[in-house]
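Hi everyone, thanks for making time for this. Let me put the structure up, and then we can walk through it together.

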Amino acid sequence: MIQSIREIHDSFDRGEKKPSALVAEYLARIQASPLNAYITVCADRALRQAIRADEVLLKAGKVPRSGQPLFGIPVGIKDNLALSGVRMTCASKVLENYIPPYSATAVERVEAAGAITLGKLNMDEFAMGGSNENSAFGPVLHPTHPDRVPGGSSGGAAAAVRANLCVVALGSDTGGSVRLPASYCGVVGLKPTYGRISRYGLVAFASSLDQVGPIAANVEDTEVLFNVLAGHDSRDSTSLLSEVTAPAAPFSIAGLRIGVPAEYFVEGVASEIRTAIHFKLQLLESQGARLVPLHLAHSRYAVATYYLLAVSEASSNLSRFDGVRYGVRPQAAVEAGELGAFYRATRARFGAEVKRRIILGTFALSSGYVDAYYHRASQVRKLIQRDFAQAFSEVDVIASPVAPATAYKLGERSDDPLQMYLNDIFTVPANLAGFPAISLPSGEDAAGLPIGLQFMAAHSNETLLFGLARQLEQSLKEERS
Amino acid sequence: MEFEAVIGLEVHAQLATASKIFCPCRAKPATGLSVGESDANLYTCPVCAGLPGALPVLNRKAVKYAVMAGLATECTVRTESVFARKNYFYPDLPKGYQISQFDRPICEKGRLLINTSTGCREIGITRIHMEEDAGKNVHLSGYSLVNLNRAGVPLIEIVSEPEMKSAEEAVAYLRALHEIVIFLGICDGNMQEGNFRCDANVSVRPHGSPVLGTRTEIKNINSFRFIEKAIDFEIRRQIEVVKSGAKVVQETRSYDPARNVTQTLRSKEEAQDYRYFPEPDLPPIQVPADWLSEIQQHLPELPAQMRQRFQKNYGLKPQEAAAITASRALAAFFDRTVQLLGGRAAKAAANWITGEVLRLVNEAGQQIESSRITPQHIAALVELTAAEISGTEPLVSSTGAKQALAEAFATGEAIQEIVERLGLKQVSDSGAMESAVEKIIAGFPDQVAEYRSGKEKVLGFLVGQVMKQSGGKANPSVAQELLKKKLS
């Protein structure tokens with residue numbers, strides 16, 4: 001049974017367990033796990049942190065109540081967030097041996113809140129992919145169905161949370177990379193408002209879309225982690241100065257307007273998923289919510305828009321990995337003494353999907369094509385933003401599936417990148433328009449695979465999303481019992 | 001056929017901010033460091049070293065300096081301008097792209113007045129944009145090293161319209177721009193150290209033709225003299241190419257000062273596609289109207305305005321005004337001095353400052369602003385020597401004044417005290433001087449006889465003797481009057 005943060009803190013308070021023992025259990029489970037969820041485990045560092053926590057606990061007699069909401073809580077960190085002194089690979093051969101000399105703001109905040117970092121979690125290379133099969137360190141296996149993918153790109157994070165290889169995890173979401181694996185693995189994942197959590201120290205994939213996001217086994221832990229991570233950071237110029245919108249009253253389902261876009265419940269979505277989500281929405285309706293049919297005219301362009309913008313930014317963001325400072329230097333290239341050979345040797349180390357996106361992005365930005373691709377996509381992005389702004393003036397939240405299908409088999413889609421890209425259809429609008437979205441476990445299909453339900457809300461309305469998510473989580477719990 | 005040249009200049013000026021444009025690293029020492037120096041890569045951090053995950057944060061001072069440059073050149077300053085990424089691979093560019101500006105630069109459509117032998121003319125400024133400097137590659141035998149101290153130093157690129165017609169005009173434009181950035185205090189302007197760099201676009205066409213010829217770009221010329229020579233050479237070369245029936249090739253060229261020629265660096269076919277797009281890590285630069293007017297209000301007086309004011313208000317000649325505005329510090333020193341004098345004897349003050357003061361300061365290898373000489377010293381000297389203040393009889397002779405100034409330069413002591421201490425006051429009192437005059441008349445009977453016989457030139461000799469007798473204290477005009485009276 002996965003313990004929540006609250007339960008762990010209770011066991012600390014009662015003296016039943018101390019942080020070092022808890023961390024040792026987690027480390028042992030990680031070592032025994034076949035999932036390949038971690039790329040780097042920092043066992044010694046984690047144990048040292050845990051022993052310090054033991055001392056604090058011994059001295060105070062209980063968990064410190066202020067400033068330490070993650071006291072003694074084992075966390076996993078996606079391997080594209082810098083932790084000073086610990087290897088950060090981004091699941092790429094290019095950064096195989098790279099040790100950052102500084103920590104990401106998100107990582108600093110989590111550790112400052114008392115969390116104990118177990119290690120760096122597997123992912124799709126440079127966060128590019130939806131299955132975690134694009135890792136130079138091997139795929140992550142689905143935590144309950146090992147022949148299937150856990151989703152990506154934060155596949156290690158979602159699988160680790162589900163398999164109790166960490167209590168909570170930090171992922172990143174550029175086009176669904178937190179929400180999709182959370183949905184495949186049956187855990188909770190949030191893509192916050194763009195700018196809500198600092199990107200400083202997050203290796204950029206597509207800077208205008210990237211957001212750090214929390215993943216946890218339940219809504220409350222997701223919110224606790226979110227509250228630790230959220231807040232302005234002067235080192236990130238896109239970091240928001242404004243606070244999360246505070247609701248006027250405690251959350252109430254009565255009268256909540258839930259938008260149901262016609263475009264998101266169509267033939268291409270597995271009928272089991274549609275059924276499961278309709279059932280949940282009806283449940284909420286029975287509790288007082290109002291279901292409002294919606295139209296999002298430009299949503300069919302979202303995937304194309306997303307991929308044009310994401311690959312364009314990626315082609316630029318990844319150009320620093322040129323071999324001058326990163327990557328193993330192939331001796332032949334060094335001896336050739338020619339700069340071009342040098343660049344080629346290093347950049348040959350990128351995986352196929354990363355290369356594909358660099359080439360696509362370079363093309364989309366190149367002279368003669370930039371208007372038709374990059375600039376046109378930027379214009380459509382504005383139309384999509386307008387669609388959603390309009391929608392959020394009519395409804396409080398929008399519901400959709402997270403993905404058109406549940407977790408698929410490893411290797412099943414590797415040869416069809418386009419099919420993989422289409423899988424992001426429901427998740428990319430939140431990144432394109434910058435609003436928050438949460439992925440919630442909503443039952444299972446016939447094969448026992450988790451189904452994910454997504455709620456989206458207007459800019460900065462995370463608190464509303466958490467309120468609704470708790471309501472649904474509680475209802476489903478009551479239903480089961 | 002007559003040909004005319006068309007020249008446009010692109011100037012890169014490093015902004016003299018304390019820290020870099022996108023991180024807190026020091027920007028000042030980032031110049032011309034060789035690999036042998038121990039501090040290579042010392043002034044770097046995750047941001048300017050382009051470490052994965054690091055993000056830029058804009059230095060507000062750099063924006064202010066760019067706006068100042070724009071206002072000083074009568075540009076329109078955009079309320080909202082946008083950074084863009086310029087993508088290319090080079091080892092000194094740690095991120096693989098330079099953060100620059102592309103289609104929405106901070107300043108546009110300005111102008112600059114230049115003075116040449118043919119008169120005064122206006123040159124258009126197309127744009128001024130902000131960007132970060134790159135690092136520096138150091139090539140050694142068999143390998144190269146990269147020093148990132150300079151990476152992230154703020155730059156403005158000032159692009160002129162292709163409106164200059166000769167190397168002389170190009171240099172005049174460059175000097176005017178150089179003077180402005182230095183007066184504004186936004187750039188150190190040291191060309192050798194690369195604070196102020198210039199690329200020249202040159203083309204030729206038949207005189208009066210409305211169509212521009214094919215241009216070449218001459219890169220990174222690091223002195224005014226070389227710019228003049230490089231452009232002159234390039235104009236001659238292109239005219240010869242066209243006359244021979246061949247075509248000028250669009251290319252980038254470099255100037256070799258040793259041989260005084262330009263030569264091909266790379267051709268247009270190798271030109272890069274920089275794939276510009278808006279920098280997603282930085283929000284647009286905002287220059288709201290109130291900030292703009294605040295900068296405008298505090299904009300220092302520009303050298304051209306200052307020269308006009310000095311000529312108009314103080315009656316300086318153009319060359320005197322030019323000499324006094326050779327640097328901002330000198331001009332400020334002059335302004336303060338004239339202020340202390342209540343606006344009187346400004347010409348005399350200018351002469352003292354550009355003459356004796358600069359000589360002392362330069363000989364000692366000092367700067368006027370950090371030397372012991374103050375405007376108070378000069379004002380005091382002028383009061384003691386200038387005819388328009390002290391009347392026809394200056395209280396201290398010019399020799400005595402120079403002596404006092406040298407003393408003040410050495411000790412910083414007030415002029416009045418020096419004059420007292422060294423007894424430099426001229427003796428103008430007729431009674432006190434009479435005995436000295438009588439002594440000389442008695443001592444030099446031959447010369448007195450000569451004078452009396454009509455040889456008036458001898459009077460100068462006798463005045464000199466009186467001066468000598470008085471130990472330099474005598475007021476020569478008083479001595480002369482007295483001698484004349486006695487000998488008549």
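Before I point at anything, one definition: when I say contact, I mean heavy atoms within 4.5 Å. Now the ground rules. This is a predicted model, so local features need pLDDT of at least 70 and side-chain atom pairs count only at pLDDT 80 or more, while totals for chains, interfaces and linings use all residues. Residues are numbered from 1 along each chain as its sequence is written, chains are lettered from A and ligands numbered from 1 in the order in which they are written, and side-chain values use heavy atoms, with hydrogens and water left out.

Let's begin with Glu413(B). Which residues does Glu413(B) touch, not counting residues up to four places away in sequence? They are His377(B), Ala408(B), Ile418(B) and Arg421(B). With Arg421(B) there is also a side-chain to side-chain polar contact at 2.6 Å. By polar contact I mean a pair of N or O atoms within 3.5 Å; within protein, one must be able to donate a hydrogen and the other to accept it, and residues adjacent in sequence count only if both atoms are side-chain atoms. Glu413(B) sits in the loop between helix H11 (398-411) and helix H12 (415-422) of chain B. Helices here are DSSP runs of H or I with at least four residues, strands are runs of E with at least two, and both are numbered from the N terminus. Arg150(B) is 263 residues away from Glu413(B) along the chain, and their C-alpha atoms are separated by 43 Å.

Staying with chain B, an automatic or database assignment gives domain 1 (3-291), domain 2 (301-422) and domain 3 (430-487). The C-alpha centres of domains 2 and 3 of chain B are 32 Å apart.

How about confidence? pLDDT is the predictor's confidence in each residue, from 0 to 100. Chain B has a mean pLDDT of 88, and 93% of its residues reach 70 or more. Residues 32-36 of chain B fall below 50, and that stretch has eight contacts in the model beyond near neighbours in sequence. Where pLDDT is low, the predicted coordinates should not be read in detail. For the model as a whole, the scores are ipTM 0.95 and pTM 0.88.

On to the interface. In chain A, 36 residues are in contact with 30 residues of chain B. The two chains bury about 2600 Å² between them, 57% of it on carbon and sulfur atoms; buried area is the accessible area (1.4 Å probe) that two parts lose on being put together, summed over both. How many salt bridges are there between chain A and chain B? The count is one, taking a salt bridge as a side-chain nitrogen of Lys or Arg within 4 Å of a carboxyl oxygen of Asp or Glu. It pairs Asp281(B) with Arg199(A), with the closest N and O atoms 3.0 Å apart. Helices H9 (302-317), H11 (339-347) and H12 (352-365) of chain A each supply at least two residues of the side that touches chain B, and H9(A) gives the largest share, four residues.

Over all chains, the search finds 44 salt bridges. One of them joins Asp13(A) and Arg65(A), with closest N and O atoms 2.2 Å apart. That pair links distant parts of the chain, 52 residues apart: Asp13(A) is in helix H1 (residues 5-13), and Arg65(A) is in the loop between helix H3 (43-60) and strand S2 (74-78).

Last stop: the loop between strand S3 (116-121) and helix H5 (155-162) of chain A, where we find Pro143(A). Ala127(A), also in that loop, has a positive phi of about 65 degrees although it is not a glycine.
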